[in-house]
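Trainee: Hi! I'm new to this one, could you walk me through it?
Mentor: Happy to, let's look together.
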Amino acid sequence: MDLSIVIPLFNEDESLPELAAWIERVVNAQGYSYEVIMIDDGSTDRSWEVIEKLRQGNANIKGIKFQRNYGKSAALNEGFKASQGNVIITMDADMQDSPDEIPDLYNMIIRDGFDLVSGWKKKRYDNTFTKNIPSKLFNAAARSMSKIKLHDFNCGLKSYSRKVVKSIEVYGEMHRYVPVLAKWAGFRKIGEKVVEHRARKYGVTKFGWSRFVNGFLDLMTIFFVGKFGKRPMHFFGLWGTLSFMFGLLVFTYLSISKFFLDKTGMTQRPLFFFAILAMIIGTQLFLAGFIGELISRNSVERNNYLIEEKLGV
Ligand code: UDP
Ligand code: MG
């Protein structure tokens, strides 16, 4: 199969028929063999009935229905697991992403050899203050932390080669950082394509203000887990030891000063409290690292490595 189109959706019954018809038009014009996997993320409207109806008209349309709302990441993850195409394209269900971009995104994977191509909504039709400006800040932070040169990490419209989606796991709200997950998994050829963005035609946005807090925390998690997830001691141990040594050094100085130099009482000097603080924080960081290390030793994932190829074994 050439192409899998994965569409996570939550209460989008109004746009689905139009979206499906448009995708069908574009894909048939190119002559791809394809499937459309619609993941109903616990919708409370008629979305699932619409999907069932669409499938009767076109057997390439497939559906997965969640029991409740688990979030976009969960929906993508299930869609990735189910997909059979050589190229996987994800898009939002709200018609903000245009299916006309499909052929180019497909070709960039197949012909130009990209592992992942992310859409870039260069011109956005969203609210300036709640979406556009915060999103610029996020992208700048994600760019500098991950060293991936993308303008729009969170674009719903992306294409992947098959091996990428089969090697990554999208959970929590990590759908914002799929390119980072792909990079950590070793896929370095990450491209970008300016895509047409459209105003939401039906329904409302499904992400409120919590997107800022969660987006930021997830960025920290992804950065930390990717870098130190398998060796927490290298982070905590280093800073813990440095802090402790600093405290100890100051303490030594204070003691020498008290007994042999100016004989001021130790607790009368502010430096004394800094020293204690540094030693306590140092010990705690060290312990955090040690406990982290014990946990990662017990983790079932501790020896999960992605093997690209094997010869004769
Ligand atoms: N979505 C989902 N589960 C959720 C929230 C959103 O599957 O819990 C889907 C939603 O139906 C849409 C896509 O994720 O297809 C992007 O959501 P939305 O358009 O609301 O986000 P925005 O464009 O406002 O960033
Ligand atoms: Mg949208």
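Mentor: First, a term: two residues are in contact if their C-beta atoms, placed from the backbone, lie within 7 Å. Also, this is a predicted model, where local features need pLDDT of at least 70, side-chain atom pairs count only at pLDDT 80 or more, and totals for chains, interfaces and linings use all residues. Residues are numbered from 1 along each chain as its sequence is written, while chains are lettered from A and ligands numbered from 1 in the order in which they are written.

Trainee: Thanks! Leaving aside neighbours within four places in sequence, which residues is V36 in contact with?
Mentor: V36 is then in contact with I5, I7, A20, I23, N60, I61 and K62.

Trainee: And which residues have the most contacts inside the largest nonpolar core?
Mentor: I5, I7, V36 and Y177 do, in a core of 59 residues. Such a core is a set of buried Ala, Val, Leu, Ile, Met, Phe, Trp, Tyr and Cys residues joined through C-beta atoms within 7 Å. A residue is buried if 20 or more other C-beta atoms lie within 10 Å of its own.

Trainee: How many residues of strand β2 are buried?
Mentor: Seven of its seven, residues 34-40. Strands here are DSSP E runs of at least two residues, and helices are H or I runs of at least four, numbered from the N terminus.

Trainee: Which way do they point?
Mentor: Y34, V36, M38 and D40 point one way from β2, and E35, I37 and I39 the other. In a regular strand the side chains alternate between the two faces of the sheet.

Trainee: What does β2 pair with?
Mentor: Strands pair if DSSP finds at least two bridges between them. Seven bridges join β2 to β1 (residues 3-9), running parallel, and S4 stands opposite E35. On the β3 side (residues 61-65) there are five bridges, again parallel, with I39 opposite I64.

Trainee: Switching topic, which residues of helix α3 are buried?
Mentor: K72, S73, A74, A75, L76, N77, G79 and F80, which is eight of the eleven residues in 72-82. What covers them includes β1, β2, β4 (87-90) and α6 (162-165).

Trainee: Last one: which residues are closest to ligand 1?
Mentor: P8, F10, A93, T205 and K206, out of 17 that surround ligand 1, counting a residue if its C-beta atom, placed from the backbone, lies within 6 Å. β1 and α3 each supply at least two residues of that shell.

Definitions and conventions. A residue is buried if 20 or more other C-beta atoms lie within 10 Å of its own, exposed if 12 or fewer, and partly exposed in between; C-beta atoms are placed from the backbone.
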